[in-house]
Amino acid sequence: MTLNETLQTLHRIHRQLADLQDRLQRGPRQIKVAETSVKNCEAELAAAKDAYRQAKMAADEKQLQLKQREAKLKDFESKLFSAQSNKEYQLLKDQIAADNQANSVLSDEILEALEKLDELTAASKVAESNLAKTKEELTKVRERIEAQQQGLETELARVQAELDAAQESLEGDFKADYLRLMKSRGEDSLAPVEGDCCGGCSHTLTPQTLNVLHLDRAAFCKSCGRLLYVPS
Ligand SMILES: [Zn+2]
């Protein structure tokens with residue numbers, strides 16, 4: 001294998017490795033997104049239940065209040081028959097009218113509170129169903145990613161072995177330079193020659209550099225520093 005062919009192979013392998021690593025990192029990120037959805041839905045459900053609990057307490061309190069007032073009203077009504085004077089009778093009458101008015105307002109408030117409770121119950125059900133859906137989705141995402149990660153890990157090991165084998169043929173100082181460059185720049189440390197330009201940065205290569213490459217010797221782009229090869 002010529003040096004050009006070896007470098008072309010290495011570039012392909014490095015691109016594959018970068019792609020595999022990118023896909024491997026994407027998996028856990030997708031799981032995180034799904035986990036965040038579940039957490040958000042849990043918080044929404046907790047808030048919906050809390051809102052219901054508070055509204056229920058307020059409604060219960062109003063209902064209790066109404067019962068007490070109605071009992072008081074009955075008491076006034078019974079006293080009406082035993083009133084000792086016109087004045088007392090009239091006072092009781094006024095009191096009863098005022099209490100009836102107040103109770104009617106309270107009854108309306110209770111009706112509103114019960115309607116509100118119905119709304120809050122419906123909201124809780126929606127939040128419950130949303131939570132169930134996102135949990136189901138999370139399970140699916142986890143299963144899919146887990147299966148996918150195993151495949152990607154296997155593929156990564158295979159390509160890594162391929163890389164080790166391809167690097168075998170490099171020698172001495174050049175190998176050291178290549179490894180140093182690869183460590184810092186990964187797949188961006190190599191570029192094919194395109195026309196008479198560097199395929200990495202489009203810089204026009206000198207005739208001298210092109211000559212070196214056509215003699216199957218190592219050359220770097222003077223603009224971006226990538227290791228060049230003539231693709232076959
Ligand atoms: Zn370049």
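How many of the eight residues of helix H4 (residues 207-214) count as buried? The count is zero, and H4 is hardly covered. A residue is called buried if 20 or more other C-beta atoms lie within 10 Å of its own, exposed if 12 or fewer, and partly exposed in between, with C-beta atoms placed from the backbone.

## What you are looking at

This is a predicted model, so local features need pLDDT of at least 70 and side-chain atom pairs count only at pLDDT 80 or more, while totals for chains, interfaces and linings use all residues. Residues are numbered from 1 along each chain as its sequence is written.

## Overall layout

The chain has four helices and three strands, and reading along the sequence gives the pattern α-α-α-β-β-α-β. Both kinds of element are DSSP runs numbered from the N terminus: helices are H or I with at least four residues, strands are E with at least two.

The C-alpha trace spans about 130 × 35 × 25 Å along its principal axes. Of the 232 residues, 9% count as buried.

Contacts here mean C-beta atoms, placed from the backbone, that lie within 7 Å. Among contacts with a separation of 6 or more, 73% are between residues 24 or more positions apart.

## The strands

Strand S1 has two partners. With S3 it runs parallel, joined by three bridges, and Pro192 stands opposite Tyr229 in S3. With strand S2 (residues 197-198) S1 runs antiparallel, through two bridges; here Glu194 has Cys197 in S2 as its bridge partner. Strands count as paired if DSSP finds at least two bridges between them.

The hairpin of S1 and S2 has two residues between the strands, and Gly195 takes a positive phi near 65° there.

## The core

A nonpolar core is a set of buried Ala, Val, Leu, Ile, Met, Phe, Trp, Tyr and Cys residues joined through C-beta atoms within 7 Å. The largest one has 13 residues, and Leu7, Leu190, Ala191, Cys198, Cys221 and Leu228 touch the most other members. Helix H1 (3-81), strand S1 (190-194) and strand S3 (227-229) are the elements that give two or more residues to this core. In soluble globular proteins, nonpolar side chains tend to be buried together.

Take a look at Cys221. Leaving aside neighbours within four places in sequence, Cys221 has contacts that include Ala191, Cys198, His203, Arg226 and Leu228.

Which helix holds Glu5? Glu5 lies in helix H1. Glu5 is partly exposed because 16 other C-beta atoms lie within 10 Å. Glu5 and Tyr229 are 224 residues apart in sequence, yet 7.8 Å apart in space, C-alpha to C-alpha.

Arg185 sits in helix H3 (residues 172-185). Arg185 is partly exposed too, because 16 other C-beta atoms are found within 10 Å. From Arg185 to Arg226 is 41 residues in sequence and 9.0 Å in space, C-alpha to C-alpha.

Technical notes
Contact = placed C-beta atoms within 7 Å.
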